[in-house]
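Please read it with the sequence and the coordinates at hand.

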Amino acid sequence: MRLNVNGTEREVDAPDDMPLLWVLRDVLGLTGTKFGCGMAQCGACTVHIEGQAVRSCVLPVSAVGTRMVTTIEGLSPDGSHPVQKAWADQDVVQCGYCQPGQIMSAAALLAQNPEPTDQEIDLAMAGNICRCGTYQRIREAVRSAAAKRRVER
Amino acid sequence: MIAVTRRELLRKSLLSGAGLFVAFHVPRKAGAVSQPAGKPPPDPNAFVRVAPDESVTVLLAHSEMGQGIWTGLAMLIAEELDCDWSRIRVEHAPAAPVYAHPAFGMQMTGGSTTSWSEFERYRTAGAMARAMLVRAAALQWKTDAKRLRTENGFVLRGNDRLSYGQLAVAAQAQTPPKSVKLKDRKSWKIIGKPTRRLDTPEKITGKAQFGMDVRMPDLRTALVARSPVFGGKVKSFDASKAKSVKGVEQVVQVPSGVAVIASNFWSAKLGRDALVIDWDPGPGANVDSAKLLESYRAQAKTKGTVAAQQGDAEEALSHSSKRVVAEYDVPYLAHATMEPLNCAVRLADGRCEIWTGTQFQTMDQASAARIAGIAPENVSIHTQFLGGGFGRRATPSSDFVSEAVQVAKAAGVPVKTVWTREDDIRGGFYRPMFLHRIEVGLDDKGRPFAWKHTIVGQSILAGTPFEQFMVKNGVDSASVEGVVDSPYLESVPARVVTLHSPRLEVPVLWWRSVGNTHTAFAMESMIDELAWAAGRDPLDYRSALLAENPRHLRALKTAAEKAGWGKAAPKGRARGLAVHESFGSIIAEVAEVSVDEHKEIHVHKVTCAVDCGTAINPLGVEAQVQGAVAFGLSAVLQSEVTLKDGRVEQSNFHDYQVLRLPDMPEVAVQIIESDAKMGGIGEPATAPISAAVANAVYALTKQRLRSLPLRLA
């Protein structure tokens, strides 16, 4: 089957029921998207499909079709997406394992809702677990990325 | 002055002509565990590498698992080396004796010890590298090294300058100085300054490589079916269905179960699901959390092995007019690191290569060597970033590494074992279940004069190589830390602490802040109960009991002030307080809570005051305190592993719940300026949060909750 990942059409040899996560990681070698739970509970596997945050660990690859998949590797060429910059400014990361998923969730939120309230941030980020407990700085980073966009507009 | 004459100096290049390497052994104290026998591996060992391309590479003897040493240890080198911070790179060191922990004598990361234990060694490495660069410049300029100074990656003489990169090769030929003088605290330019992490760029772009991300053309993925009951064994198995799954290549039996080896994770998982295994569950099938707790309650009423004693507590209790008796209990807990366990192994040509995220290189190396039948120096460990550790990646039995070597050996191909979340939650190595029974007699001023304390729970160290050092007279120090050394007990004239250490099939392990996870809960809850029983304000009561402990007092006072203690809390909320010393640091926490109409507890704000001695990177200290509070809150509000008929009842994040972002309180961190001996910071803030929240819930509802996770009736 063919898959559009990060703007490139890729020919993929994988069974239909293989979750997108494992196609990305084991077939295409895009290991930035992480395995954390396998049942859409932790958000480590979050990618964008047509701009929407999706948990790739429970999505059979055959269900993707021609829709565009964006992974952390394709969010920006060099880590310069406003959310990534905010993450760096706020010194968010600790172990870092959940952060690609956190960043993809935050980027999808801000793309759809450039000025989220604190409650909307909480809601959008509730599906992403961080065991290091970086939540406070995540909140600050999402707020500051939103604020920066306001200033730039 | 720090004498380095007795240190073994090594100055060999890792890459020939690549520049300056500095490495040396600091004589270790009478260590906890001896290093594996055999001569050091052929790689020279180095802490810092200055290269002609101006890069300065810091080699980490410890593992980065989120705690920030990737940045903190680099700051120590950079402080003394006077290099350009933007040129710093960091790498995990290989597993080798030269990287043994200065205090423990084996290569490991844990016990919140990295920063204080490396404070001298890493600064000294930086200072030695600087001295050799200066000597090389002096030789080139034909001048006295004493006339030269260094700044931001250059050696300077008036207006002349030579870069470290230009000097790197020449510096390598210099004799290392016999001793170096380290900067005094007043001259520090980097230590103590809030510094952003060096591992951020790769961690926000998906480039950071964790063990899970290791890929090689011939590397297979293996999933192991393990006994559903701890200690169970495979009687027989039928692999025919598993082998028919596309992508499955082999099914092999290993000591821990049955491994399915496939070309990818998904095939290995489907293959494992298709296995039919007949297990002999063994005696572990009798373990039942509810019954266990009852048996702990019964044991707590009997005297255990004495851990601390002064005076006659029984006698004193018998004629006290006011007695307070309470029992506190905590469940088993999984670490649930975000990165499930994994380990890649290649066995070839008499060598074993391992790629994994581990906290315990020396133990893993020795264990892999035993299984592979080779010498430890023939085992290479390529430490990857750890997707969380919290103690789980430091097993004395090297469980996940040993198993991976067994699988690779049985399969005859390079494999990466991957644990699913279910494997992780059900895989044991838990924070042990514990019960504390405390009886206290109060004098007429409400002060404790008799204290009888019985602790029941499995020993983490029994049966491990650490037993001989850390279990004294039948008492595992990790079971009683935080009680036997409690400053509250020092002032109680008649006291006794005893311990029961039942042996069970459930594997247990250190979990962020170890024994303090339950001892701080029991001690700080009890002190709060005593304050209320005495009709005193919990802050005043503690302050009176801790009068001889100035660091505790200061932390308490600071946190209380910042939290607005004594002023009314916002409507519907109340505050609770706890202070606890662990890993050499003292942390006071004030929690502000509310309870909703469903009787759910909400923690809105946690105000922390931290005395950890010198804070190398205050930005990192703040992150560790915020994170440790969040980690503790999971256990306070949600997490619990229970067993029924020997089977773990939880399996994934839907039923082993952990803190999520909407429940994260605002955590304010005040770092107290302190010249006390440096303590740890990765773990200590986890310990007091349980009691701080429970005490706040009591202040709000007058319900005293003595079991974790806290649940209102």
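Arg197(B) and Asp199(B) form a salt bridge whose closest N and O atoms are 2.9 Å apart, where a salt bridge is a side-chain nitrogen of Lys or Arg within 4 Å of a carboxyl oxygen of Asp or Glu. Both Arg197(B) and Asp199(B) are buried, buried being under 20% relative accessible area, exposed over 50% and partly exposed in between, with a 1.4 Å probe and protein chains only. The model is predicted, so local features need pLDDT of at least 70 and side-chain atom pairs count only at pLDDT 80 or more, while totals for chains, interfaces and linings use all residues. Residues are numbered from 1 along each chain as its sequence is written, chains are lettered from A and ligands numbered from 1 in the order in which they are written, and side-chain values use heavy atoms, with hydrogens and water left out.

**Salt bridges**

- Over all chains, the structure holds 49 salt bridges.
- Asp423(B) forms a salt bridge with Arg272(B), with 2.8 Å between the closest N and O atoms; Asp423(B) lies in helix α11 of chain B and Arg272(B) in helix α6 (residues 265-273) of chain B, so the pair ties together parts that are 151 residues apart in sequence. Helices (H or I, at least four residues) and strands (E, at least two) are DSSP runs, numbered from the N terminus.
- Asp423(B) and Arg272(B) are both buried.
- In the salt bridge of Arg542(B) with Glu524(B), the closest N and O atoms are 2.6 Å apart; Arg542(B) counts as buried at 0% relative accessibility, and Glu524(B) counts as buried at 1%.
- Salt bridges that share partners join several residues into one network, among them Glu294(B), Arg297(B), Arg323(B), Asp329(B) and Lys452(B).

**Aromatic rings**

- The structure holds 18 aromatic pairs over all chains; rings of Phe, Tyr and Trp (its six-membered ring) pair if their centres lie within 6.5 Å, with planes under 30 degrees apart counted as stacked, over 60 as edge-to-face and the rest as tilted.
- The ring centres of Tyr97(A) and Phe210(B) are 5.2 Å apart and the planes stand at 90°, so this pair is edge-to-face.
- That pair crosses between chains, from Tyr97(A) in the loop between α3 (82-89) and α4 (99-112) of chain A to Phe210(B) in the loop between α4 (200-203) and β11 (220-226) of chain B.
- Tyr97(A) is buried, with a relative accessible area of 0%, and Phe210(B) counts as buried at 1% relative accessibility.
- One aromatic cluster is formed by Tyr97(A), Trp70(B), Phe210(B) and Phe385(B).

**Nonpolar cores**

- The largest nonpolar core has 243 residues, and those with the most contacts inside it are Trp87(A), Leu81(B), Tyr332(B), Trp451(B) and Val693(B); a nonpolar core is a set of buried Ala, Val, Leu, Ile, Met, Phe, Trp, Tyr and Cys residues joined through side-chain atoms within 4.5 Å.
- Apart from that core lies another, of 28 residues, including Leu341(B) and Phe400(B).

**Interface of chain B and chain A**

- The contact (heavy atoms within 4.5 Å) takes 58 residues from chain B and 49 residues from chain A.
- Chain B and chain A bury about 4,600 Å² between them, 58% of it on carbon and sulfur atoms; buried area is the accessible area (1.4 Å probe) that two parts lose on being put together, summed over both.
- In chain B, Ile204(B), Met338(B) and Leu661(B) lose the most area to chain A, together 18% of what that side buries.
- The rule finds three salt bridges across this interface, and the side chains of Asp213(B) and Arg25(A) meet in a salt bridge at 2.9 Å, N to O.
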